[in-house]
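Here is my note on the structure you sent. The points are numbered so that you can check each one against the coordinates.

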Amino acid sequence: YLPGHKVNNGIGIHIGELILGNIGSNEKKAYTAVGDVVRIAEELEASTKNFHTPILFSQAVKEKLLNHEKSLYLGDIELEEKKFPVYTLPDIDQKNG
């Protein structure tokens, strides 16, 4: 806790298939997730700053939401020459730029 300092975290949510497990050699292993789904979620998380909102999610997540019609389309992100629509929810507090 740092008095007088605000901590802003961004959350990027995407769903899909990935590889999860111990990766590495006998000398050094790491439990990690790899795959396109991970890269997209990382890009969504990084884009929360640009869109000034704490949570962003993909079209794939939007389609799984019960009240998906309430999702707010904010624009697109580009990753590896592909564009991905970006959404948030209307009741998420927006960050102050």
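1. The side chains of Arg 39 and Asp 36 form a salt bridge, with an N to O distance of 2.1 Å. The model is predicted, and the distance is a computed value taken from that model. Both residues belong to helix H1 (residues 36–51), and because they are 3 residues apart there, about one helical turn separates them. Arg 39 is partly exposed at 34% relative accessible area, and Asp 36 is partly exposed too, at 48%.

2. Arg 39 also meets the side chain of Glu 80 in a salt bridge, at 3.2 Å from N to O. This pair links distant parts of the chain: Arg 39 sits in helix H1 and Glu 80 in the loop between E5 and E6, 41 residues apart. The structure holds 2 salt bridges.

3. Look next at the backbone of Glu 80. Most residues other than glycine have a negative phi. Glu 80 is not a glycine, yet has a positive phi of about 50 degrees. The residue lies in the loop between strand E5 (72–79) and E6. With a relative accessibility of 57%, Glu 80 counts as exposed because the cut-off for that class is over 50%.

4. Glu 81 is placed in the loop between E5 and E6. Glu 81 is exposed, with 78% relative accessible area.

5. Now the aromatic residues. A pair of aromatic rings is described by the distance of the centres and the angle of the planes. The count comes to 2 aromatic pairs. In one of them, the ring centres of Phe 57 and Tyr 87 are 6.2 Å apart and the planes are at 20 degrees, so this pair is stacked; the cut-off for stacking is under 30 degrees. Phe 57 lies in strand E4 (residues 55–57) and Tyr 87 in strand E6 (residues 82–88), so the pair ties together parts that are 30 residues apart in sequence.

6. One aromatic cluster is made up of Phe 57, Tyr 73 and Tyr 87. Tyr 73 belongs to strand E5 and is partly exposed, at 49% relative accessibility. Leaving aside neighbours within four places in sequence, Tyr 73 is in contact with Pro 85, Val 86 and Tyr 87. The side chain of Tyr 73 also makes a polar contact with the side chain of Asp 76, at 3.1 Å.

7. For a sense of distance, take Tyr 73 and Lys 28. These residues are 45 residues apart in sequence, and 42 Å apart in space from C-alpha to C-alpha.

8. Lys 62 deserves a look of its own. This residue is found in helix H2 (residues 59–64). Lys 62 is buried yet has no salt bridge. Which side chain of opposite charge is nearest to Lys 62, and how far away is it? The side chain is that of Glu 63, at 6.9 Å. A salt bridge needs a nitrogen to oxygen distance within 4 Å. Not counting residues up to four places away in sequence, Lys 62 touches Phe 57, His 68, Ser 71 and Tyr 87. Among these are Phe 57 and Tyr 87, the residues of the stacked pair in point 5.

9. The last point concerns a strand pair. Strand E2 (residues 19–24) and strand E3 (residues 29–34) pair in the antiparallel sense, over 6 bridges. The two strands form a hairpin, and 4 residues lie between E2 and E3. How do the residues line up across this pair? As an example, Asn 22 stands opposite Tyr 31 in E3.

Notes: Residues are numbered from 1 along each chain as its sequence is written. This is a predicted model: local features need pLDDT of at least 70, side-chain atom pairs count only at pLDDT 80 or more; totals for chains, interfaces and linings use all residues. Side-chain values use heavy atoms; hydrogens and water are left out. Rings of Phe, Tyr and Trp (its six-membered ring) pair if their centres lie within 6.5 Å; planes under 30 degrees apart count as stacked, over 60 as edge-to-face and the rest as tilted. Buried means under 20% relative accessible area, exposed over 50%, partly exposed in between (1.4 Å probe, protein chains only). Two strands pair if DSSP finds at least two bridges between them. Lys and Arg count as positive and Asp and Glu as negative; His and the chain ends are not counted. Contact means heavy atoms within 4.5 Å. A polar contact is a pair of N or O atoms within 3.5 Å; within protein, one must be able to donate a hydrogen and the other to accept it, and residues adjacent in sequence count only if both atoms are side-chain atoms.
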